[in-house]
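Please walk me through this model. Start with the aromatic rings, then follow a helix and the strands around it.

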Amino acid sequence: MSTVTEFVDVNVPVRTAYNQWTQFEEFPRFMEGVSEIRQLDDTHTHWKTEIAGIRREFDAEITEQLPDERVAWHATDGEKQAGVVTFHRIDDTHTRVTVQMDFDPQGFVETAGDKLGIIDRRVKSDLHRFKEFIESRGGIETGAWRGQVDRPGS
C-alpha cells in the first residue's frame with residue numbers, strides 16, 4: 001500500500017469548501033483523469049477514470065461524512081484505495097483542504113508512477129484545480145449535501 005497526503009489552502013469559508021466537495025459529480029471539472037462520477041445514493045458513487053491510458057470503473061462507499069469536517073471513503077470493488085479529505089478552518093474566509101489517500105498500485109505503469117511521485121503530484125494538481133474552481137466561482141458552490149454519515153461502529 002502507498003499513501004499520498006497533500007493539502008491546499010482555499011480562499012473560501014470552510015462551509016463553502018465542504019459543500020463543493022460533496023458535489024462528487026463535479027469532480028471531473030477539476031480532477032485530471034476522472035471522466036465521470038455518478039452519485040448512486042447518499043453513500044455510494046460510481047467512478048470512471050482514465051489515467052496513463054488505463055481505463056477503470058469502480059464503486060466507492062462513503063464511510064464517514066461530517067459536515068464542514070471530513071469525508072472518508074473506500075473503493076468497494078476493483079480498485080484498492082481508501083482515503084479521507086478534511087476541512088480545517090483557518091479563519092472566516094480561508095480553509096485548508098487536506099487529502100490523504102491509501103492505494104495499491106496495479107501493474108508496472110501505476111507502480112512506476114507511484115515510485116516516481118507522479119501520484120503525489122497528480123493529487124496536488126487536483127487540489128490546486130479545486131482551489132481555482134471554487135475561487136473562480138466567487139466562492140459560490142455548485143450545490144451541497146449537508147447530511148451526516150457516521151463511521152461504522154460509532
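Phe 24 and Phe 27 are both buried, where buried means under 20% relative accessible area, exposed over 50% and partly exposed in between (1.4 Å probe, protein chains only). This is a predicted model: local features need pLDDT of at least 70, side-chain atom pairs count only at pLDDT 80 or more, and totals for chains, interfaces and linings use all residues. Residues are numbered from 1 along each chain as its sequence is written, and side-chain values use heavy atoms, with hydrogens and water left out.

A pair of aromatic rings is described by the distance of the centres and the angle of the planes. Rings of Phe, Tyr and Trp (its six-membered ring) pair if their centres lie within 6.5 Å; planes under 30 degrees apart count as stacked, over 60 as edge-to-face and the rest as tilted. By this rule the count comes to eleven aromatic pairs. In one of them, the ring centres of Phe 24 and Phe 27 are 5.5 Å apart and the planes stand at 70 degrees, so this pair is edge-to-face. Phe 27 also pairs with Phe 30, and that pair is tilted, at 5.3 Å centre to centre and 55 degrees between the planes. Phe 27 and Phe 30 are both buried. Ring pairs build a cluster whose members include Tyr 18, Trp 21, Phe 24, Phe 27, Phe 30, Trp 47 and Phe 130.

Stay with Phe 24. Its place is the loop between H1 and strand E2 (34-41); helices (H or I, at least four residues) and strands (E, at least two) are DSSP runs, numbered from the N terminus. Its relative accessibility is 8%, so Phe 24 counts as buried. Contact means heavy atoms within 4.5 Å. Not counting residues up to four places away in sequence, Phe 24 touches Ile 37, Gln 39, Thr 45, Ile 62 and Val 71. Phe 24 and Thr 45 are 21 residues apart in sequence, yet their C-alpha atoms are 8.0 Å apart.

Gln 65 sits in strand E4 (residues 54-66) and is buried, with a relative accessible area of 0%. The side chains of Gln 65 and Tyr 18 are joined by a polar contact of 3.0 Å. Such a contact is a pair of N or O atoms within 3.5 Å; within protein, one must be able to donate a hydrogen and the other to accept it, and residues adjacent in sequence count only if both atoms are side-chain atoms.

Now turn to helix H3. Buried residues of H3 include Val 123, Leu 127, Phe 130 and Ile 134. Seen down the axis, the buried residues fall within an arc of 170 degrees (taken from the directions from the helix axis to the C-beta atoms), so they line one face of H3. The face turned away from them carries the exposed residues Glu 132 and Ser 136. The buried residues of H3 pack against strand E1 (2-10), helix H1 (14-21) and strand E7 (94-103).

E1 and E7 run antiparallel, joined by nine bridges; strands pair if DSSP finds at least two bridges between them. Ser 2 stands opposite Phe 103 in E7.
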